[in-house]
Amino acid sequence: MTIHEKFGLAVATLRKERGYSQERFALEANIARKYMSDIENGKRNVSLDVIKRIADKLDIPVSKLFEEVEK
């Protein structure tokens, strides 16, 4: 599994645990829904700005997000 796929899986898992639909999460994190889908499917090389928005919306530090990726 690539790092992009691991990141996407971690984001999708955390998002679902918090009860967000992909559409609602993307809207509230100010990320295009299609782009969010691509992230979760491991098709995007995500910028640090977007990673920060995702972590903020998940209410976790960026470091915790990357810990989830490494599991």
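Student: By about how much of helix α4 are D56 and K52 separated?

Tutor: This is a predicted model, so read the residues from its coordinates. D56 and K52 both sit in helix α4. They are four residues apart there, so the separation is about one helical turn.

Student: What do the side chains of D56 and K52 meet in, and at what distance from N to O?

Tutor: A salt bridge needs a Lys or Arg side-chain nitrogen within 4 Å of a carboxyl oxygen of Asp or Glu. The side chains of D56 and K52 meet in such a salt bridge. Its N to O distance is 2.7 Å.

Student: Is K52 buried or partly exposed, and what is its relative accessible area?

Tutor: Buried means under 20% relative accessible area, and exposed means over 50%. K52 falls in between, so the residue is partly exposed. For K52 the value is 42%.

Student: Which residue meets K64 in a salt bridge?

Tutor: Look in helix α5, residues 62-70. The N to O distance is 3.3 Å. The partner is E68.

Student: How are R24, E28 and K57 linked, and how many salt bridges does the structure hold?

Tutor: R24, E28 and K57 are linked in a network of salt bridges. For the structure, the number of salt bridges is nine.

Student: Are α1 and α4 roughly parallel or roughly antiparallel?

Tutor: Two packed helices are described by the angle and the distance between their axes. The axes of α1 (residues 3-17) and α4 (residues 48-58) come within 10 Å and cross at roughly 25°. Angles under 35 degrees count as roughly parallel. That makes α1 and α4 roughly parallel.

Student: Is the crossing of α1 and α4 left-handed or right-handed?

Tutor: Here the handedness concerns helices α1 and α4. Their crossing is left-handed.

Student: How many nonpolar residues has the contact of α1 with α4?

Tutor: From α1 come F7, V11, L14 and R15. They meet I51, I54 and L58 in α4. By class, the contact has one charged residue and no polar ones. The nonpolar residues number six.

Conventions
Residues numbered from 1 in each chain as written. Predicted model: local features only at pLDDT ≥ 70, side-chain atom pairs only at ≥ 80, totals over all residues. Heavy atoms only, no water. Axes fitted to C-alpha atoms, helices over the stretch in contact; angles between N-to-C directions. Helix = DSSP H or I, 4+ residues; strand = E, 2+ residues; numbered from the N terminus. Parallel < 35°, antiparallel > 145°, perpendicular 65-115°, else oblique. Left-handed = near helix turned anticlockwise from the far one by under 90°. Contact = heavy atoms within 4.5 Å. Nonpolar A, V, L, I, M, F, W, Y, C, P; charged D, E, K, R; others polar. Buried < 20%, exposed > 50% of the residue type's maximum accessible area, 1.4 Å probe, protein only.
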